[in-house]
Number of protein chains: 2
Amino acid sequence: MAESGGEATRIMVAVNESSIKGYPHASISSRGAFQWTLNKIVRDNPSGFILLFLHVQVPDEDGFDDMDSIYASPEDFKGMKDRDKKRGLHLLEYFVNRCHEVGVSCEGWIKKGDPKEVICHEVKRIHPDILVVGCRGLGPFQRVFVGTVSEFCQKHAECPVITIKRKPEEMPQDPVDD
Amino acid sequence: MAESGGEATRIMVAVNESSIKGYPHASISSRGAFQWTLNKIVRDNPSGFILLFLHVQVPDEDGFDDMDSIYASPEDFKGMKDRDKKRGLHLLEYFVNRCHEVGVSCEGWIKKGDPKEVICHEVKRIHPDILVVGCRGLGPFQRVFVGTVSEFCQKHAECPVITIKRKPEEMPQDPVDD
């Protein structure tokens, strides 16, 4: 046996919401990275792994939705925060449920801030064995405008990083969407 | 179960010889990357994985050793090629033996050329699920002079890439050595 009985391999998976309008759900690249981790790494050995889902919420991510809202009292902001929290929990619920189905242990948590900075900070704090990050697989021209979390993590995260690109057949109409 | 019965995950591991003088043996970063793959990915599920060892020999890698040699006939060059071949086989033997011990299937082969180019070319040809590359973990200043195969592969290899840095306690006296 390679290393039977050792502590489980701790895989941190950075997940985010889809940018495509509609009911809140996980982004295409998050789901792809998660499914790849199950298929290619965890396989039929769920007890060997723990998945750690980190969702970083960008404070002004929902700016466009809020354009028509009127903020007149502290309660209005509380409503906004509650909605953010619900969306984040809904996202984590998807991944936690899927882990439960396949029998792999997991934990999920939400942080606010700049995703690339927060992910690297959490790696430093949590010390996972591997960080898995989905990416849209954009060309160099498109990348200039949208930035890439995965490239930053490859350079700065203090653990081995696997970047999983979207499959071409999963590319949405606008490739910048996810 | 996550994905029981699916085809084994094919992990390509790029391996090279140590730059430290003495009996030919695997570099520190190659051994580290291999051991990490066994400990953290394969674990106690050897039947779920196939390891593919690619060793790229740089044609003039042994230039210094050959400085004192005299080449006067085709036989002299044949002797050099035979020696290269033996060293390459010795290197692969180490990894294949270790795989045999832990019960994981493997294949190994040797190519000649520029390692970063050949690795990416072989990824295109072989379609592994993951490429694992060891790296010395040098600072930005040292990297300028030695180049890094891992950074090139991160950008250009057509599959997910995991870069495994050497542990600080394994760093040789001269960190450019490996």
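So, which residue in β5(B) is the bridge partner of V133(B)? It's T163(B).

Quick housekeeping: this is a predicted model, where local features need pLDDT of at least 70, side-chain atom pairs count only at pLDDT 80 or more, and totals for chains, interfaces and linings use all residues. Residues are numbered from 1 along each chain as its sequence is written, chains are lettered from A and ligands numbered from 1 in the order in which they are written, and side-chain values use heavy atoms, with hydrogens and water left out.

Back to chain B. Strands here are DSSP runs of E, at least two residues, and helices are runs of H or I, at least four, both numbered from the N terminus. β4, residues 130-135, runs parallel to β5(B), with 5 bridges joining them; DSSP has to find at least two bridges for strands to pair.

Now the interface. 30 residues of chain A are in contact with 30 of chain B, contact being heavy atoms within 4.5 Å. Two salt bridges cross between the chains, counted when a side-chain nitrogen of Lys or Arg is within 4 Å of a carboxyl oxygen of Asp or Glu. One salt bridge is K40(A) with D129(B), closest N and O atoms 3.0 Å apart.

On the chain A side, the elements giving two or more residues are α1 (28-42) and β5 (161-165). α1(A) has the largest share, 6 residues.
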